[in-house]
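Here are my notes for a first look at this structure. Please keep the model open while you go through the points.

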Amino acid sequence: MSSIDKTKVRDAATVIVVRDRATRPRILMGQRGAAAAFMPNKFVFPGGAVDADDARVPLARPMPLPCAERLREDCAEDRSHAIAAAAIRELWEETGQLLGQRGHWPGAVPDDWQGFANLGLLPDAAPLQFVFRAITPPGRPRRFDARFFLIDAAELASDPDDFSAACDELSHLHWVALDEVRALDLPFITEVVLAEVAARVEDPAPPASVPFFRNDDEESLFLRLRGAPLTD
């Protein structure tokens, strides 16, 4: 197996699961380990890098068209399918929560998806709402071009309080009230994303425009995908 150049910016997907949107919204979060190379000890949303196999995973339903269109903007190639699949896989691996529908997998199932397929589910991208994009600043031990997706817990095919199938990458998985989440030890970008989520938590429609925090080697820019500048 070839080694991964960890200085290269890798595509990544992150999932923000919200419940009780009409009353007191709560967000699913977990804590990264003290020995983690990326954001140790921080409370984060489930997520991680896109794997090569994610591009060939069948989807029960595609992502909403506006979200897929925003994902394709400012990209050298269309990675929307792989990124959507990675979001579903990372949510399942790190929390045990399933975003899928009953269905048959055609052909061979990738190793990382075998457990998902064994449950008789196909990954379902229709509930994914693309709400934020951010590139890790230069100088960090690992850099990601991360896309953040918002979903409602009602779309899950699993018990939202059952984390028994989660891997050990995140600890202290729990639902935290949106108005209390900033009491946790959060990365800067997570706080920025939470402000965006709070502003649209009661809106069920996919956003027409998506904030993009772009950090490259020359400068950091706060843009909006769809060509509109970010207003104060």
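**Helix 2 and its surroundings**

1. Start with helix 2. This helix has 16 residues and reaches 23 Å from its first C-alpha to its last, close to the 22 Å expected at 1.5 Å a residue. Bear in mind that the model is predicted.

2. Just after helix 2 comes G96, with a positive phi of about 80°.

3. Look next at E94, which is found in helix 2. E94 is buried but has no salt bridge. R32 is the nearest side chain of opposite charge, 5.0 Å away. A salt bridge would need the charged atoms within 4 Å.

4. What lies 3.0 Å from a polar atom of the E94 side chain? It is the backbone nitrogen of G47. Leaving aside residues up to four places away in sequence, E94 touches P46, G47, A166, C167, E169, L170 and L173.

5. Now the largest nonpolar core. It holds 39 residues, and V17, L128 and F149 touch the most other members. Elements that each supply at least two residues include strand 1 (9–19), helix 1 (65–72), strand 7 (129–135) and strand 8 (143–152). Helix 2 gives the most, with nine residues.

6. Not counting residues up to four places away in sequence, its contacts include A13, V15, M63, L71, I83, A87, L128 and F130. Apart from this core lies another, of 26 residues, with A12, F148, V193 and V201 among them.

Terms used: Residues numbered from 1 in each chain as written. Predicted model: local features only at pLDDT ≥ 70, side-chain atom pairs only at ≥ 80, totals over all residues. Heavy atoms only, no water. Core = buried A, V, L, I, M, F, W, Y, C linked by side-chain atoms within 4.5 Å. Buried < 20%, exposed > 50% of the residue type's maximum accessible area, 1.4 Å probe, protein only. Helix = DSSP H or I, 4+ residues; strand = E, 2+ residues; numbered from the N terminus. Contact = heavy atoms within 4.5 Å. Lys, Arg positive; Asp, Glu negative; His and termini not counted. Polar contact = N/O pair within 3.5 Å; in protein donor to acceptor, adjacent residues only side chain to side chain. Expected span 1.5 Å × (residues − 1).
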